[in-house]
Amino acid sequence: MLILTPGPVDHDFARFLLDQETRFHRHCWGFSHTIEAAALLLAEHRRPDDIWHLWQAVTTSFDTWCGLPPRLLLAGGGTTRTIAYVSASGHEQRDNLLGHLRELPDATDDDVTALLAERRRYYADTFRELDATPEPGDD
């Protein structure tokens, strides 16, 4: 339902939700789109420091590595600003993340805005469709 709500949700809640999804995915096989929806809700805030929560989600498992769109990591301002932010940090994952970011195709802030809007539309449409599908016995 949070995806169907216009505009960003509360930032602290979005961060908490992604952290919970990350914890869940650490202990399961496969990929649930709930982690991408949670990452999207956090990425929509466009805060550079959220990259560490997004990176944690991406690197949680092989399945999250393959399932989460890597460009969500650029939500804090596109390639140039994100790399500058990470380079200036003293975070223990700085070098690993920088290596990954440098392998991604360059993206502007506008490219990231378009990606976030496209993913939100995708999930909103999917959830509306699921909601409109009758359950067996719903006659």
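## Helix 2: an enclosed helix

In this predicted model, helix 2 spans residues 33–43. Its buried residues are Ile35, Glu36, Ala37, Ala38, Ala39, Leu40, Leu41, Leu42 and Ala43. Nine of the 11 residues of helix 2 are therefore buried, so the helix is largely enclosed by the rest of the structure.

What packs against the buried residues of helix 2? Helix 1 (11–26), helix 3, helix 4 (62–67) and helix 7 do.

Helix 5 covers residues 78–88. Gly78, Thr79, Thr82, Ile83 and Val86 are buried there. Viewed down the helix axis, these buried residues fall within an arc of 140°, so they line one face of helix 5.

The face turned away from that buried side carries Thr80 and Ala88, which are exposed. The cover over the buried residues of helix 5 includes helix 3 (51–58), helix 6 (94–103) and helix 7 (109–132). Helix 3 and helix 7 also pack against the buried residues of helix 2.

Leu2, Phe13 and Phe16 make a nonpolar surface patch. Its area is about 260 Å². Phe16 lies in helix 1, and helix 1 is among the elements against which the buried residues of helix 2 pack.

Is Phe16 buried, partly exposed or exposed? Its relative accessibility is 46%. Buried means under 20% and exposed means over 50%, so Phe16 counts as partly exposed.

Methods. Residues numbered from 1 in each chain as written. Predicted model: local features only at pLDDT ≥ 70, side-chain atom pairs only at ≥ 80, totals over all residues. Heavy atoms only, no water. Buried < 20%, exposed > 50% of the residue type's maximum accessible area, 1.4 Å probe, protein only. Helix = DSSP H or I, 4+ residues; strand = E, 2+ residues; numbered from the N terminus. Arc of directions from axis to C-beta. Contact = heavy atoms within 4.5 Å. Patch = residues over 30% accessible without salt bridge, like charges linked within 9 Å, V, L, I, M, F, W, Y side chains within 5 Å. Areas by Shrake-Rupley, 256 points an atom, 1.4 Å probe, with all protein chains shown as cover. Salt bridge = Lys/Arg side-chain N within 4 Å of Asp/Glu carboxyl O.
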